[in-house]
Amino acid sequence: MALGVQISQVVLEFIVANNAPAPGPVPSCNNPPAGQVGVAYTHTFTAAGGTLPYTWAISAGALPTGLSLDAATGIVSGIPTVAGVFAFTVQVTDSTPTGALVGTVDCSITIAAAPAPVLGSIRITLRGVKVRQVCKPDG
């Protein structure tokens with residue numbers, strides 16, 4: 001008696017539904033350059049992911065005194081008035097129709113003091129008379 005084996009192939013197809021929300025925006029400090037007191041400063045934070053347009057904010061800490069963040073563009077600009085290292089958290093919120101998603105990143109900007117004034121002396125000649133004036137700082 002012969003045994004017969006019959007093999008059939010069964011293909012199962014699985015459909016996996018991904019109900020996870022789309023990834024939100026991921027902001028980047030984008031290496032803010034150092035600045036100097038009294039010198040115009042500008043820097044742009046960037047983000048990837050999420051749904052445009054973004055809204056930008058500082059959610060903790062503070063930007064250097066004299067600088068401000070444009071909420072629509074992520075551009076920091078202004079003229080710093082105080083030297084130091086300023087740590088803060090940049091927050092970006094996207095425009096996802098089913099509920100805005102938020103991303104944050106910790107950043108810092110270093111502002112150097114303005115250079116000290118150059119002191120020296122000047123010579124002025126008035127009608128053939130030489131006058132010597134020494135410049136001294138106030139105080």
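Start by selecting Tyr 54 and Trp 56: Tyr 54 is buried, and Trp 56 is buried too (buried is under 20% relative accessible area, exposed over 50%, partly exposed in between, with a 1.4 Å probe and protein chains only). Before you go on, keep in mind that this is a predicted model, where local features need pLDDT of at least 70, side-chain atom pairs count only at pLDDT 80 or more, and totals for chains, interfaces and linings use all residues. Residues are numbered from 1 along each chain as its sequence is written, and side-chain values use heavy atoms, with hydrogens and water left out.

Stay with those two rings. Tyr 54 and Trp 56 make an edge-to-face aromatic pair, 6.1 Å centre to centre with 85° between the planes. The rule here: rings of Phe, Tyr and Trp (its six-membered ring) pair if their centres lie within 6.5 Å, and planes under 30 degrees apart count as stacked, over 60 as edge-to-face and the rest as tilted.

How many aromatic pairs does this rule give? The count is 2. For the other stop, pick Phe 45 and Phe 88: their ring centres are 6.1 Å apart and the planes sit at 70°, so this pair is edge-to-face. Phe 45 is in the loop between β3 (41–44) and β4 (46–48), while Phe 88 is in strand β8 (residues 84–93), so the pair ties together parts 43 residues apart in sequence. Helices (H or I, at least four residues) and strands (E, at least two) are DSSP runs, numbered from the N terminus. Both Phe 45 and Phe 88 are buried.

Now colour the sheet. It's an open one of 4 strands, in the order β2-β9-β8-β5, with mixed pairing; two strands pair if DSSP finds at least two bridges between them. At the edges are β2 and β5 (55–61), each with a single partner strand, so one side of each has no neighbour in the sheet. β8 and β9 run antiparallel over 10 bridges, and Gly 84 has Ile 111 in β9 as its bridge partner.

Next, show the cysteines. The whole structure has 1 disulfide (a pair of cysteine sulfur atoms within 2.5 Å). Cys 29 and Cys 107 form it, with sulfurs 1.9 Å apart, and at -95° about the S-S bond the link is left-handed. Cys 29 lies in the loop between β1 (26–28) and β2 (35–36) and Cys 107 in strand β9 (residues 102–112), so the pair ties together parts 78 residues apart in sequence. Cys 29 and Cys 107 are both buried.

Last stop: Thr 96, in the loop between β8 and β9. Thr 96 is buried, at 17% relative accessible area. Leaving aside neighbours within four places in sequence, Thr 96 is in contact (heavy atoms within 4.5 Å) with Thr 51 and Leu 101.
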